[in-house]
Amino acid sequence: MKFVSLTFSLLAFGVAAAASFDGVTDPIDQAKIGFTVPGKIDRIWVKEGAFVHKGDTLVNLVKTEEELRTRITKITAEDSSSVVSARVKMETFEKDWSATKKLFETSNSVSAEQLWEKEMNYRVAKAEWEAAKVSKSKDSLEHRMAFAQLQKQYLIAPFDGEIVSISKNPSESVEALEPIVEIADVRTCRMTAYIIVNKASKLKVGQTVKLSLNGSSQGRNKKGTVEFISPVVDKASLLRTVKVIFDNSNHSVEPGVTGKIILQ
């Protein structure tokens, strides 16, 4: 009887020593994304369930007008003839002024008025060259703006992940900032739980903890790493928010299921 009593006491102590706290899982990267401009969908490049990489094109709008504007501004931006012409003109007047100045200083064949006229021709030509360079800079900026507007017609994957849902079809209109595609990277997940103060205070960022995940006929156990511990305590419940990240590269856990963080 003493042996049974001792065993029961040890088991009771073990149960009391361990504590579990309910939590919910979610992908570490998940987003519902849309266009920043309104338009009509031209093409959808991916299907639901497909794995995409950061930078991949997911959807694009009809972009004929934006493409034409980009081409036109590119031609203007790359045409440097006005700058070259203005520079040649300035250099010609500069040489003429320099030669006239030497004649004025060494002989009486050139008047002060003639020298002044040559100098003014040069300074006007120089001003025209400076204006041509400014105009060329504006052309380059207009091309960059047109290109930026064209890029807004493409919906790009913000990170690696799987396409969870697509809410529109080709030829349908979309509004600015309307969610079109949901993407999630389920290879790494996060469990968020709310833990009593005396237990949470013993945790540290980077610490390894045990997780028990629901959603299956058998419990699924994993190890996770404490990512975040709230610096404040909820006044009403005296709980602290704790977030734990865990590897899910084998897709054994469906993000969204509940589970428990088990603390000793």
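**A tour around helix α4**

Start with what covers the buried residues of α4: the cover includes α2, α3 (81-106) and β5. Bear in mind that this is a predicted model.

Now select α4 itself, residues 112-151. This helix has 40 residues. From its first C-alpha to its last it reaches 59 Å, close to the 58 Å expected at 1.5 Å a residue.

Next, colour the buried positions of α4. They are Leu115, Tyr122, Ala125, Trp129, Ala132, Lys136, Asp139, His143, Ala146 and Leu150.

An angle over 145 degrees counts as roughly antiparallel, so α2 is roughly antiparallel to α4. The crossing of the two helices is left-handed.

Show side chains where these helices meet. On α2, pick Glu66, Glu67, Arg69, Thr70, Thr73, Lys74, Thr76 and Ala77. On α4, pick Lys136, Asp139, Ser140, Glu142, His143, Ala146, Phe147, Gln149 and Leu150. Colour this contact by residue class: four are nonpolar, six polar and seven charged.

Last stop: Gln153. Find Gln153 in the loop between α4 and β5 (154-156). Is Gln153 buried or exposed? Its relative accessible area is 3%, so Gln153 is buried; the cut-off for buried is under 20%. Leave aside its neighbours within four places in sequence, then select what Gln153 is in contact with: Phe35, Val37, Val59, Asn60, Leu61, Val62, Lys63 and Glu66. Glu66 also takes part in the contact of α2 with α4.

Definitions and conventions: Residues are numbered from 1 along each chain as its sequence is written. This is a predicted model: local features need pLDDT of at least 70, side-chain atom pairs count only at pLDDT 80 or more; totals for chains, interfaces and linings use all residues. Side-chain values use heavy atoms; hydrogens and water are left out. Axes are lines fitted to C-alpha atoms, for helices over the stretch in contact, and angles run from 0 to 180 degrees between N-to-C directions. Helices (H or I, at least four residues) and strands (E, at least two) are DSSP runs, numbered from the N terminus. Angles under 35 degrees count as roughly parallel, over 145 as roughly antiparallel, 65 to 115 as roughly perpendicular and the rest as oblique. A crossing is left-handed if the near helix is turned anticlockwise from the far one by less than a right angle, and right-handed if clockwise. Contact means heavy atoms within 4.5 Å. Ala, Val, Leu, Ile, Met, Phe, Trp, Tyr, Cys and Pro count as nonpolar, Asp, Glu, Lys and Arg as charged, and the others, Gly among them, as polar. Buried means under 20% relative accessible area, exposed over 50%, partly exposed in between (1.4 Å probe, protein chains only). The expected span of a helix is 1.5 Å times one less than its number of residues.
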